[in-house]
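Please go through this structure with the sequence and the coordinates at hand.

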Amino acid sequence: MRIALFGSGHMGKSLAKKLVDYDYVEELVVIDKDNKALDYVRNIVNSDKLSLENMDVNNIEALSRILSRVDLAIAAIPPSLNALNIVKICIDTGCNYLDLGLGDYPLLEILKNEDLFRNSGISVFPCYGLAPGITNIIAKHLAHRLDIVDEIKIRDGSMVHSKRYELIFTYSPSVFLADFSAKPVIYENKTFKRKQPLSLEEDYEFPPPVGKLKVYLISHEETLTLPRYLGKDIKYLDFKLALTRETYQTIKVILKLGLLRDDPIEVDGVMVSPKSVLLSLLPKPVNFSNIEGHEMLLVEVKGIKGGKRIKNIGYVYLSHKEAYQKYNETATAYLTTLLPLIIIEMLNKGEINQTGLILPEMLDCETLLQKLIQRGMPYYEKEEQI
């Protein structure tokens with residue numbers, strides 16, 4: 001298998017290190033517009049399978065040249081409508097496509113073109129990271145244990161701390177901030193509704209050792225796909241993220257000042273994007289070596305089973321300290337790369353042979369969940385009558 005990997009940030013680096021170790025991966029091309037990021041990959045991935053390309057995804061000619069000679073394109077880049085260029089060229093060249101998450105509006109474009117992908121002859125795998133991705137699989141697993149599903153709540157209780165940085169992220173700051181740039185979607189009474197970012201604040205009790213945290217509504221892909229492809233009717237669905245009070249207040253200031261705007265403004269005679277300035281000031285997770293905190297992704301499904309009101313909870317928990325000790329990377333990188341690696345392996349073995357749009361919840365969630373657990377994903381679940 002020949003693979004083109006777009007993005008050499010924290011997740012791209014983690015994927016590259018693992019992919020070159022697979023015998024069936026004949027060639028890995030890592031593509032990024034940032035030469036420094038590519039140099040970093042070159043320094044840590046020592047393999048003659050690896051080649052590097054410095055280019056932008058808007059360079060259609062270069063995209064076509066690369067994708068015409070590989071079997072699979074993986075997008076590990078920040079959400080942007082420009083990322084859809086990769087999907088378009090994949091259709092033209094007959095290359096399969098997978099990403100770790102697209103963001104709200106690019107994903108809607110994908111969903112609108114489901115018929116196009118069905119007739120393309122390629123497999124298109126959007127949203128195969130931790131969240132979205134593993135969260136979709138857990139949601140389907142829990143929902144299909146109920147006769148009637150009333151509501152699904154996805155809660156991200158991940159936290160990260162550092163003595164060195166005031167504001168840090170374990171994945172791309174651009175991806176993190178993009179979740180606050182769009183009005184989040186909730187699904188209620190068979191209707192998709194847009195709300196304000198950071199609204200519907202609540203105190204949510206996560207399982208030990210995390211405990212009670214304040215969570216806020218943010219834009220996330222699961223709310224767009226699960227109501228469509230879960231295979232069960234849902235009355236309500238939302239996604240909320242836990243934030244410390246300090247981080248919440250910082251993001252509110254960023255939003256009020258318009259620092260997430262992409263459109264350029266003039267500063268001392270130079271046109272600059274406020275968002276690009278902000279991102280240049282934030283620390284890059286690829287440079288972290290020792291941080292504290294954890295990943296906690298939880299799915300809560302309420303409904304009826306055998307005439308009784310039931311609440312099912314499934315969650316993934318891994319501390320960064322344990323992840324460093326076992327895998328020499330953050331818990332975020334380890335967990336986010338688990339599902340794409342499993343999908344790539346299943347493709348190679350011919351265990352996935354359908355074409356068209358294939359979201360995580362459209363596959364056999366029981367098989368995928370077992371494969372994830374066998375690979376070391378720390379998964380826990382409980383059922384209680386309510």
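**Helix packing and buried positions**

α13 passes α14 in a right-handed crossing (right-handed if the near helix is turned clockwise from the far one by less than a right angle, left-handed if anticlockwise). Helices here are DSSP runs of H or I with at least four residues and strands are runs of E with at least two, numbered from the N terminus. By class, the contact of α13 with α14 has seven nonpolar residues, one charged residue and no polar ones. Ala, Val, Leu, Ile, Met, Phe, Trp, Tyr, Cys and Pro count as nonpolar, Asp, Glu, Lys and Arg as charged, and the others, Gly among them, as polar. On the α13 side the residues are Leu 338, Leu 339, Ile 342, Ile 343 and Met 346, and they meet Leu 368, Lys 371 and Leu 372 in α14; contact means heavy atoms within 4.5 Å.

Two packed helices are described by the angle between their axes and the distance between the axes. For α13 (residues 331–349) and α14 (residues 365–374) the angle is about 115 degrees and the axes are 10 Å apart. Axes are lines fitted to C-alpha atoms, for helices over the stretch in contact, and angles run from 0 to 180 degrees between N-to-C directions. The two helices are therefore roughly perpendicular to each other (65 to 115 degrees; under 35 counts as roughly parallel, over 145 as roughly antiparallel and the rest as oblique).

The model is predicted; local features need pLDDT of at least 70 and side-chain atom pairs count only at pLDDT 80 or more, while totals for chains, interfaces and linings use all residues. Residues are numbered from 1 along each chain as its sequence is written, and side-chain values use heavy atoms, with hydrogens and water left out. The mean pLDDT of the protein chain is 91, and 95% of its residues reach 70 or more; pLDDT is the predictor's confidence in each residue, from 0 to 100.

How many residues of helix α7 are buried? For α7 (residues 134–143) the count is 10 of the 10, so this helix is largely enclosed by the rest of the structure. Buried means under 20% relative accessible area, exposed over 50%, and partly exposed in between, with a 1.4 Å probe and protein chains only. The axes of α7 and helix α9 (residues 222–229) come within 11 Å and cross at roughly 35 degrees, and their crossing is right-handed. Thr 135, Asn 136 and Ala 139 in α7 meet Glu 222, Thr 225 and Leu 226 in α9. That contact has two nonpolar, three polar and one charged residues.

Helix α1 (residues 10–19) is mostly covered, with eight of its 10 residues buried. Its buried residues are covered by elements including β1 (2–6), β2 (27–32), α2 (35–44), β4 (72–75) and α13.

Val 70 is found in the loop between α3 (60–67) and β4, and counts as buried at 7% relative accessibility. Not counting residues up to four places away in sequence, Val 70 touches Arg 2, Ile 3, Ala 4 and Cys 95. Leu 213, in strand β12 (residues 211–217), is buried at 17%.
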